[in-house]
Amino acid sequence: LEKFMTANFGARVYMIGSNYIYPYETNRNMHSLIAAHPSHSIVAERYVSLYANRNAINDIVVDIKAKQPDFVFCTLIGRTVPYLYQAYLNAGLDPAKMPIASLNTSEVEINMMGAEAALGHYTSSPYFQSIDSPLNRSTVDRFFASRYAERAIPNMNWEASYFAMHLLAKAFRNSDTDRIEDILPNILGAEIEAPQGRVQIDHLTHHARLYPRIGLANAQGQFTIIEDHGLRVNPDPYMVVTSFDQHKHVGISRAILARKPSVLVLFPPEADGVSLLTQLKRIGCSVEICWPHPPFIDSHIDLIFLYIPPEVEQMDYGWLHESGPPIISVANFENPTLIDEALRIGVMAILMAPIKASGLLSTIITTLHQHAKNSRNSHRISQLEKKIINLKVLEEAKRILIAKQRISENEAYELIRSQAMSQRMPIEDIARDIIQSEKI
């Protein structure tokens with residue numbers, strides 16, 4: 001929305017919002033985005049009560065008319081929204097030159113204020129009733145044909161409630177119980193065809209991946225969609241991403257969590273492994289808990305949480321092997337003996353019990369990412385070592401042919417290569433056969 005408004009109208013903004021946290025944070029984000037423009041200016045930033053009367057809004061519209069910003073950014077909520085648009089119309093302000101932009105003015109608010117007051121103003125939302133798709137049309141038609149048609153107006157909040165309920169029902173069907181720790185793994189990553197498009201619950205933030213659009217309020221009390229990239233973007237509740245293009249990249253963290261890592265928790269009953277299991281399920285992991293240690297680790301396990309007791313000499317780690325999954329160890333307290341034991345085992349991270357929710361996700365992602373990176377590097381090193389050995393074998397075979405047949409190095413290589421091609425064998429195998437025959 002910021003990009004569209006500044007490109008079409010300018011970067012001098014008048015902000016008006018309701019006096020609570022959502023407008024504060026939304027305006028703070030708009031501040032950050034607007035600041036990228038050399039000519040930016042926050043002309044004014046005004047907040048009013050959720051229960052403000054028309055006179056309070058009328059006074060602000062007088063100020064808007066006097067200061068003539070490029071556009072007005074509205075984060076008003078509830079009944080004050082129609083007051084602003086109606087006062088704007090009555091003041092003779094032209095939305096073609098100085099429009100109102102909003103993230104929450106929907107078809108509901110237009111119905112309250114009248115189509116004339118909303119005409120020509122902009123809203124950014126993932127859903128508009130006017131989306132021209134078979135699923136949206138059929139969903140809206142079924143709603144208007146139902147007994148609830150007179151009690152609500154399809155809008156962004158209506159559509160969010162619709163797909164959220166369907167996602168929850170789907171998660172219930174796929175769960176054996178109604179406990180949140182069992183339902184949550186079936187919600188994270190879940191997708192559904194919604195009226196706005198195919199939405200998905202993000203593993204990383206637990207928010208939904210949606211489709212941003214910009215609508216222009218029209219004379220019919222609806223929105224004409226004037227910008228729709230058809231791109232489903234990742235949720236960004238703390239505004240880490242400042243460019244729309246950055247949403248095209250999935251990112252390492254989301255890619256890891258999308259695979260729903262299989263985690264094995266090796267904890268005794270008294271070590272509070274159930275609490276860790278609950279936190280891991282909240283993140284979206286597939287979790288198994290086991291004690292005592294198994295004789296081997298199944299190949300589907302991606303990560304191990306290992307409790308190291310104070311009596312380290314009593315533990316048997318027969319299941320350990322170099323190509324196994326990464327290990328995060330957990331101990332009740334820090335001391336050199338426990339740390340040495342963790343290092344001997346080859347853990348990639350050490351956590352202290354009781355494990356706190358904060359920091360657990362970052363530790364898991366870092367561990368899995370570094371383990372994958374180490375595995376790739378080990379494979380590359382192995383391939384390079386193999387290549388070096390093969391080069392030495394080839395050099396030795398060429399030396400033998402040069403000495404026996406009195407030919408040049410290039411001729412020796414071509415002879416070996418032609419034999420490899422004719423016999424459909426790797427050139428290194430032909431070289432080894434030459435060396436072996438020389439030894440005989």
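Two strands count as paired if DSSP finds at least two bridges between them, and strands (E, at least two residues) and helices (H or I, at least four) are DSSP runs numbered from the N terminus. The model on view is predicted, so local features need pLDDT of at least 70 and side-chain atom pairs count only at pLDDT 80 or more, while totals for chains, interfaces and linings use all residues. Residues are numbered from 1 along each chain as its sequence is written, and side-chain values use heavy atoms, with hydrogens and water left out.

Select β1 and β3 to begin: they pair in the parallel sense over five bridges, and Y14 has V72 of β3 as its bridge partner. Widening the selection to the whole open sheet brings in seven strands in the order β2-β1-β3-β4-β5-β9-β10, with mixed pairing. Its edges are β2 and β10 (223-228), each of which pairs on one side only.

Next, select residues 21-34, helix α2, which lies across β1, β2 and β3 and runs at about 180° to β2; axes are lines fitted to C-alpha atoms, for helices over the stretch in contact, and angles run from 0 to 180 degrees between N-to-C directions.

Then colour the largest nonpolar core, which has 29 residues, with I16, I57, I64, L76 and L84 among those with the most contacts inside it. Such a core is a set of buried Ala, Val, Leu, Ile, Met, Phe, Trp, Tyr and Cys residues joined through side-chain atoms within 4.5 Å, buried meaning under 20% relative accessible area (1.4 Å probe, protein chains only). Helix α4 gives the most to this core, six residues.

Technical notes:
Buried means under 20% relative accessible area, exposed over 50%, partly exposed in between (1.4 Å probe, protein chains only). Contact means heavy atoms within 4.5 Å.
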